[in-house]
Amino acid sequence: MAWFKVEAPHVSDAQIKEACDKLLSEARTRINKDLKRVLLLPPDLTRAHSGSGWITEYLYNALPDAHVEVIPTLGQHVPHTEAENKWMFGSIPEERIFPHDWRNGCTHVATIPASLVKETTDGAADWDIPVDLNSKLMDEQWDLIINVGHVVPHEVLGFANHNKNYYIGLGGKDTICASHIAAAVYGIENNLGCLVTPLRACYNWSEDEHLASLPDVYLQIVMQRDEENKLVTSGIYVGDDLDTYLQAAKRSRDQNITLFDKPLKKVVAVMQADEFRATWVANKAVYRTRMAIADGGELLILAPGVERFGEQPEVDALIRKYGYKGTPRTLALYKTEADMQEIPHGVAHLIHGSSEDRFTITYAPGHLTKEEIEQVGYQYADLAEMTKRYDPAVMKEGWNTMPDGEEVFYISTPSAGLWSTKEKLDNPSRKDLSREQVAAGDVV
């Protein structure tokens, strides 16, 4: 059930610490009064702007008599270096932070049946989704598991966090691959901004069926922009059920989605160098703005940290070979190409990262060449030139008129929201499975 929430235009750090203390107090009453072994599950550094790193550090230090371990919910992202762990988690000892190994470090738990996947996706996907989860999570005994995360619009699950922490963040290769390709064939624009997407409905069912014995609780963060356009915490939601997620997701939906009456001709987005080093994660700029960009429009991505395409060598090679060149071409190749069939989550990424020839995607990367960018189907721009013209230190959030009269919409943190026309977000063909539908058995 939902334990408690804290909502305000700006939830202060002091209030967040009070919420952490209250969570631990409630956990001792609701889950286990003797917290000897505690597992903390924060996001990775691509969500560092949420403050989840220092919150995890606070929880760690608030349990001085317990043995506490931390597993960043990396999914298939590159594990943190020791320096990155220190940057994000502060004083937590490196020997207490464990990288998730999505290839070799998981235990098979169960299977989400193809019949459920087919029913929820209206037949777009019709395969089993194996539930393979981090072995340390599943095979060791824990008195308390705390999921810390940022609820924000998401391309695969409608909104991030909640049980995404398990099935993607701590999922095995087969789980991640089967999930991502299912969401991709169902359609990225059918997922973005929906509270309960078909894939999340499958996860919700599996969590009830397969993970009910975990002694866990969710601490979910929602952020918004204040009057000075700075990202601040606006909600903390603590609890152990779907209601906790829905409260947070509704808050995020109200605060993190920017709607337009007319589509945008040009968007300039910045992906911060300390968080985004591959197009695999920097393409959140594509995902979160695509529903707002006009046909024939342009998305310019300033990405000073981008040095590769994929998070792993085989995914990087896949992107370089096939590129972001549209769903029909990608799915046709997927039926015949063995290297694609080996890593379906990479294929899903190729689909998500394409504009489907509807608008231009221009990358200004810090460490990739013009030839490399154009090879994957994007246009290239020089980072120094684009930074001079669209200086992040000068640009203001939202509409900007350049000296030569060009009008652009500027987004400093695309990963923190969703931008869409009203027409696309309110499209009646988008299916959002409410809790009432789930409870009534309509998706089971």
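The model is predicted. The domain assignment divides the protein into domain 1 (4–256) and domain 2 (261–412). An open sheet of six strands runs in the order β1-β10-β9-β6-β2-β3, and six strands form another open sheet in the order β15-β14-β13-β12-β17-β16.

**Domains**

- The centres of domain 1 and domain 2, taken over C-alpha atoms, are separated by 26 Å.
- The contact between the two domains takes 30 residues from domain 1 and 28 residues from domain 2.
- An unreviewed UniProt entry lists residues 10–183 as "domain: LarA-like N-terminal".

- Strands of a sheet pair through backbone hydrogen bonds, and the pairing is either parallel or antiparallel.
- In the sheet with the order β1-β10-β9-β6-β2-β3, the pairing is mixed.
- The edge strands of this sheet are β1 (2–7) and β3 (67–70), and each of them pairs on one side only.
- From one strand to the next, the twist averages 20 degrees.
- Strand β6 (residues 144–150) and strand β9 (residues 216–225) run parallel and are joined by six bridges.
- Within this pairing, G149 stands opposite Q220 in β9.
- Helix α10 (residues 242–256) lies across β1, β9 and β10 (231–239). The helix runs at about 10 degrees to β9.

**Residue Q224 in strand β9**

- Q224 belongs to strand β9.
- The relative accessible area of Q224 is 17%, and the residue is buried because this value is under the 20% cut-off.
- A polar atom of the Q224 side chain lies 3.0 Å from the backbone oxygen of P9.
- Apart from residues up to four places away in sequence, Q224 touches A8, P9, K230, L231, V232, S234, Q255 and N256.

**The pair β4 and β5**

- Strand β4 (residues 106–112) pairs with β5 in the antiparallel sense, over six bridges.
- One of the paired positions is A110, whose bridge partner in β5 is V131.
- Six of the six residues of strand β5 (residues 129–134) are buried, so the strand is largely enclosed by the rest of the structure.

**The sheet from β15 to β16**

- The sheet with the order β15-β14-β13-β12-β17-β16 also has mixed pairing.
- At its edges stand β15 (379–380) and β16 (398–401). Each has a single partner strand, so one side of each is left without a neighbour in the sheet.
- Strand β16 and strand β17 (residues 407–411) run antiparallel and are joined by four bridges.
- Among the paired positions, T401 has E407 in β17 as its bridge partner, and N400 stands opposite V408 in β17.
- β16 and β17 form a hairpin, with five residues between the two strands. In the turn, G405 has a positive phi of about 95 degrees.

- Y390 lies in the loop between α18 (383–389) and β16.
- Y390 has a relative accessibility of 2% and counts as buried, because this value is under 20%.
- The Y390 side chain makes a polar contact with the side chain of K266 (3.0 Å).
- The Y390 side chain also makes a polar contact with the side chain of E406 (2.7 Å).
- Leaving aside neighbours within four places in sequence, Y390 is in contact with K266, V268, L300, L302, M395, M402, E406 and V408.
- Y390 and Y410 are 20 residues apart along the chain, and their C-alpha atoms are separated by 8.7 Å.

**Residue P313 in helix α13**

- P313 is found in helix α13 (residues 313–322).
- The relative accessible area of P313 is 66%, and the residue is exposed because this value is over 50%.
- P313 and Y324 are eleven residues apart in sequence, and 17 Å separate them in space, C-alpha to C-alpha.

Key. Residues numbered from 1 in each chain as written. Predicted model: local features only at pLDDT ≥ 70, side-chain atom pairs only at ≥ 80, totals over all residues. Heavy atoms only, no water. UniProt positions renumbered as here; feature names shortened; annotations may be inferred. Pairing = 2+ DSSP bridges. Axes fitted to C-alpha atoms, helices over the stretch in contact; angles between N-to-C directions. Contact = heavy atoms within 4.5 Å. Buried < 20%, exposed > 50% of the residue type's maximum accessible area, 1.4 Å probe, protein only. Polar contact = N/O pair within 3.5 Å; in protein donor to acceptor, adjacent residues only side chain to side chain. Domains from an automatic or database assignment.
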